[in-house]
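Hi,

Here is the structure I promised to pass on. Have a look at it first, and then read my notes below.

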Amino acid sequence: MPARRTDSPISDLPEDDEQLARIVADLVARAGRTPDVGPARVEHARLVLERSRLDRAIRRARVSGSMDVARLAREREQVMERIHDVVVTLEQTV
């Protein structure tokens, strides 16, 4: 979205596209409710994505009978511990 649209994001939308206007209005409302995004929130999001990747890898390894399941499970446990640490940090800032 061009910088000029951040002050008034729906000002120059096509008048005949009500669905687009509703979507943009919803995005603006959601952005207003989102807490400040700092390094801890970004790290949390990254770790959640990593956990999901490991979950998928574990499922694939189980289906294929791979011996990687134990290693992947250990990696997942480490990610879960880091998620916990980040959540504690985030809760302290609230």
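Let's start with the packing: the buried residues of α3 pack against α2. They are Val69, Leu72, Val79, Ile83, Val86 and Leu90, where buried means under 20% relative accessible area, exposed over 50% and partly exposed in between (1.4 Å probe, protein chains only). Helices here are DSSP runs of H or I with at least four residues, numbered from the N terminus.

Before you go on, keep in mind that this is a predicted model: local features need pLDDT of at least 70, side-chain atom pairs count only at pLDDT 80 or more, and totals for chains, interfaces and linings use all residues. Residues are numbered from 1 along each chain as its sequence is written, and side-chain values use heavy atoms, with hydrogens and water left out.

His44 sits in helix α2 (residues 39–64). Leaving aside neighbours within four places in sequence, His44 is in contact (heavy atoms within 4.5 Å) with Ile83, Val86, Val87 and Leu90. His44 and Ile83 are 39 residues apart in sequence, yet 6.2 Å apart in space, C-alpha to C-alpha.

Now the salt bridges, meaning a side-chain nitrogen of Lys or Arg within 4 Å of a carboxyl oxygen of Asp or Glu. The count comes to six. Arg53 pairs with Glu50 (2.7 Å, N to O), and Arg53 also forms a salt bridge with Glu75, with the closest N and O atoms 4.0 Å apart. Glu50, Arg53, Asp68, Arg71 and Glu75 are linked in a network of salt bridges.

Cheers

Note on methods: Helices (H or I, at least four residues) and strands (E, at least two) are DSSP runs, numbered from the N terminus.
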